[in-house]
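This briefing reviews selected features of the structure shown below. The points are grouped by topic.

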Amino acid sequence: MRVNIEYLKKFIDVDTDKLKMKNLLNSIGIEVSELICCDGKDIFDVEITPNRPDWLSHYGIARDIHSKLSEIRFSPFKIAEVHLDKKNEDFSINIEDKNDCARYTGCIVRDINVNESSKEVKNLIKSFGLRPINSIVDISNIVLMTIGQPIHIFDLDKLSGNEINIRRAIKGESLELLDEQKISLNNEFLVICDKKNPAAIAGIMGGKASGVTFETKNIFIESAYFNPITIRRSARKLGIKTDASYIFERGADVLVTQKAVSFVLEMIKKTQKQELNITYYNDVFEKEFKPVFIELYKDYPSAYTGIEIKNSISEQILKDLGFKLNDKVDKWIVEVPSYRVDIVNKQDLVEEIIRIYGYDKLDSKLPYSFNENFITNNERQLIKKIRNHFISIGFNEVVNYIFHSYEENKFFSDRENFLEIRNPIGRDFSTLRNSLIPGLLKNTALNFNNSIKRVSLFEFGKRFYVENGKIKEENILSLSSSGIYLALNWKDKFEKDFDFYIFKSLFSTIFKKFHIEFKLEKRDFPHFKGECSYLVKIDEHEIGYIGSLKKEIIDFYKIDKPVFVVEVQLSKISKYIKKNSFKMWNKFPFSKRDFSFLIDKNIEYYELESVIKELKPETMEKYELFDLYKGDNIPGSKISLSMAFYYRSKKRTLTNDEINDTHVKFIEKLIERLDLIQR
Amino acid sequence: MIDELKKEIEKVRKDFLKEIDQVLSKENLKKLRDKYTSRKNGIVTEFMHNLKKLSKEYKPIAGKIINELKLNIENKFKEVEKSINSKVYKKVDYSLPDFDFSVGFSHILSDIGTEIEDIFLNLGYEIAYGFEVESEYNNFTALNIAEHHPARDEHDTFFIKDFENTILRTHTSPVQIRYMNEHKPPIKIISPGKVFRKDEPDATHTPVFNQVEGLLVDKNINFSHLKGTLESFIKSFFGGNIDLRFRPGYFPFTEPSAEVDISCVLCFGKDPDCKICKGTGWLEILGSGMVHPKVLLNCNINPEEYSGFAFGMGVERIAMLKYGIPDIRMFYDNDIRFLSQFG
């Protein structure tokens, strides 16, 4: 809303220094977003919070400023109310449902001249950010901006029949609005109708046909109170937001309609240079107004704010804001004024008191409150450890949107079990991710484009999918690597690209850290290259997948190098993390024995390992593969492996003979089981 | 005859000097020694042998020249041997460029998030997580934002297709609702996480951003406790020289509500042209307030017995202020040139 500081002075004698004014408004809760200069006058563009429709007028703002600076002069808004119950002509106002329209004040004025407004009025209208139209419409806008009551004025001669009906529209009816938009109506819209047709959408906008023009002679003035929810529904449906609808949606003052009409009449009179010919006046108040009463114990404001606030201060503030107080020894019965639709309970009253008393008077205290339920979140600890681990081995953490395009999601799900957004910000953001990999690929492409040659990324985040009709969210860790693993350097004179073995080894370090044994298993995933597509398993549980993305996908992101990715479920990893208790390490020395052999190339290393584990003598502690060769000088059906086996006892130093004996027996069994050829 | 010999000797000397200059190890030194001075077939030894064949007339002169060469070479050998044994050749040039091993960086949003969380952990708050896809009830209705409440306008909401009343949470407050429904006071939690609003990305908006919200519910909790808590957080996060300002604000789920400003972290209110605070000296950083009694009631907590406060802040905004980051979209580009600036 636009606040004309000079116009405020109509009600309140306040220092108009810009900065002071801004701080003053801020301190009572009106946020000044911009200072605009209009014809040399200072105008503030202020943000009014949705709970304070009473601030959508200069008078309303002046009232709050006065309560803040109660020593300054404040001129209550005084208008001689036209208490005429004048029905000189045959006319009627009919409200179909009092829940939609609790009050409707209407007035007919005949024989007027519509002109352009004076330069002064035009400037005032402009200072409110509005456009001057004609002397009558401009008056309705001044009333709106002054006391916050929306007024609509019809050209009486354009209304047919001597009646105004406030009713729900009937399907099939339509209306051309003042902004020349034509709309079709239905039962959801509350309309103001003449005998036959809708003439205005109640509380939102008038119809073009019945609008006041320079030719208008006779007018019908409307000042009403409409149900906020009714207005909000129609306004949302129409996608229209007007100054009037903005106020009605938030709740206008049901008791101000008469006063507003009087204000309109008084201003029209000034422009007409003659007595007004008022031929009809009627105030249909269908629903009795019941003020809100709140019981406020006098010690409550101090208890709830944590500072000492004197009773006299609370009393003064509430009175200045228009509340009526009935003193009952240890409490007040507070009557809430009709324009404060936001005040319903004692906490609301405390806010009023502390808001005006000053938030700067609050103390800084720490509560002595202890959370008995406190538990450490294990997954958070795990995420912290994993994050630190992967950044220390060269991966960069990224954070992406959770939105992907339909196509991207389809890469990772052959079933269409992913979630879509009904109102996305664009096609590329229309589904919820069922994998974090598309985000990593976008980041990889961007960094390659910036001439970064090594892109290793990881992200923690949720993936979403539907299972048995229910929405599932899962915490995921995804990693990707592409480009150069080892950069060229002056000493070794070679560089090395990422390959599957490097990527897998880097990833598996996290399992080493947590002492978890994991396994890969060949499994064809639609997003991986056939020859490099694996399931990641711990025990027999599937926790994710690892592999090299297929060409179609990396082409989609315009990446021209292989991209290796792994994606695992965090909750499944955290289940396997055990709390290890201390074990003393073996203090005796190792003895190493090497063994080189040929093995059938179709035997996977996992198989060899399982046989080793099965046959391994008690004193063998570990083994490692230190060479692998295939090619010339050995049969095509074989590969050559060289392994080292480490022996030691927990109790003593083993003799050479003992070790040799054990090792030879072990090797013999191994050779027999797997048909190995010793080299 | 002598001239020829002189020439020959000169060539040997030159070749020797060239070769000895390339010797860096004991092994190569020995090879070179053998080549020139081995008793069997060293080059210099050969000359000595050939001396015998010369006529008496030339012998003394030639002998002198050859001896000179021999002495020269032997001295040089001694010199080089000495220097190989000394540390000069073992010296490393520490100033050579380092190998380009890869360095990883945690995302700045994780760092800031963790920093905020750690401060509240130290104050005894538990961290609670929830769901990013939420019900409209938990996100709005339970928080005193009824279906036709105008405040819903300010939360441009993403709706999930084919699921009734299902949305992406617009704040992490639904976590508080879930927690209050499952626990009895005292409650003392923070809820960090992603939230979603239907905003077109620009320098100050992204459809996804991160929040940390806090909630404390217990007996006799008052507005001054909220101020004290936020003050200790702000001073701990930004430094003790930062001031706090409470301003009246409005949130449907708190009453009274307060917007919290901090003094400008760049100019401390001293620069009228300050880019960050635009000369006001203050930066809006937090929304907060006393939990609305209706919200407590919705979670089966009696507002006559308990009261509480809640607050919320945007992680990106705090990071932008702390590090002077000009555009919120940078957090989501994941450009390594950006990520690698914040160790």
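The buried residues of helix α3 of chain A are His58(A), Tyr59(A), Gly60(A), Ile61(A), Ala62(A), Arg63(A), Asp64(A), Ile65(A), His66(A) and Ser67(A). Helix α3 of chain A spans residues 58-68, and because ten of its eleven residues are buried, the helix is largely enclosed by the rest of the structure. The model is a predicted one, and the points below are to be read accordingly.

**Surroundings of helix α3 of chain A**
- The buried residues of α3(A) pack against strand β1 (2-4) of chain A.
- Among the helices of chain A that these buried residues pack against are α1 (5-8), α2 (18-28) and α5 (135-147).
- Helices α10 and α11 of chain A also belong to the set of elements packed against the buried residues of α3(A).

**Packing of helices α10 and α11 of chain A**
- Helix α10 (residues 311-320) of chain A packs with helix α11 (residues 346-357) of chain A at an angle of about 95°, and the two axes are 9 Å apart.
- Because of that angle, α10(A) is roughly perpendicular to α11(A).
- On the α10(A) side, the contact is made by Ile313(A), Ser314(A), Ile317(A) and Leu318(A).
- On the α11(A) side, the contributing residues are Leu349(A), Glu352(A), Ile353(A), Ile356(A) and Tyr357(A).
- Classified by residue type, the contact of α10(A) with α11(A) has seven nonpolar residues, one polar residue and one charged residue.

**Nonpolar cores**
- The largest nonpolar core has 213 residues, and Tyr104(A) and Phe226(A) are those with the most contacts inside it.
- With neighbours within four places in sequence left aside, Phe226(A) is in contact with Asp100(A), Cys101(A), Tyr104(A), Ile166(A) and Leu190(A), and also with Ile192(A), Ala202(A), Gly203(A), Ile231(A) and Phe248(A).
- Another core, of 33 residues, lies apart from the largest one; Leu382(A), Ile502(A), Ile538(A) and Ile543(A) are among its members.

**Domain organisation**
- Chain A is divided into domain 1 (2-68), domain 2 (92-285), domain 3 (293-361), domain 4 (378-575) and domain 5 (591-678).
- Taken over C-alpha atoms, the centres of domain 3 of chain A and domain 4 of chain A are separated by 57 Å.
- Chain B is divided into domain 1 (2-89) and domain 2 (108-339).
- The C-alpha centres of domain 1 of chain B and domain 2 of chain B lie 86 Å apart.

**Cis peptide bonds in chain B**
- The peptide bond from Pro185(B) to Pro186(B) is cis, with omega near 5°. Pro186(B) is found in the loop between α8 (173-182) and β4 (187-196) of chain B.
- A cis peptide bond also runs from Glu255(B) to Pro256(B), with omega near -5°. Pro256(B) lies in strand β7 (residues 254-263) of chain B.

**Positive phi values in chain A**
- Asn468(A), a residue other than glycine, has a positive phi near 50°. Asn468(A) is found in the loop between β21 (454-467) and β22 (470-486) of chain A, and at 75% relative accessibility Asn468(A) counts as exposed.
- Lys558(A) is not a glycine, yet its phi is positive, at about 55°. Lys558(A) is found in the loop between α16 (551-556) and β27 (563-569) of chain A, and with a relative accessible area of 73% Lys558(A) is exposed.

Note on methods. Residues numbered from 1 in each chain as written. Chains lettered and ligands numbered in written order. Predicted model: local features only at pLDDT ≥ 70, side-chain atom pairs only at ≥ 80, totals over all residues. Heavy atoms only, no water. Axes fitted to C-alpha atoms, helices over the stretch in contact; angles between N-to-C directions. Helix = DSSP H or I, 4+ residues; strand = E, 2+ residues; numbered from the N terminus. Parallel < 35°, antiparallel > 145°, perpendicular 65-115°, else oblique. Contact = heavy atoms within 4.5 Å. Nonpolar A, V, L, I, M, F, W, Y, C, P; charged D, E, K, R; others polar. Buried < 20%, exposed > 50% of the residue type's maximum accessible area, 1.4 Å probe, protein only. Core = buried A, V, L, I, M, F, W, Y, C linked by side-chain atoms within 4.5 Å. Domains from an automatic or database assignment.
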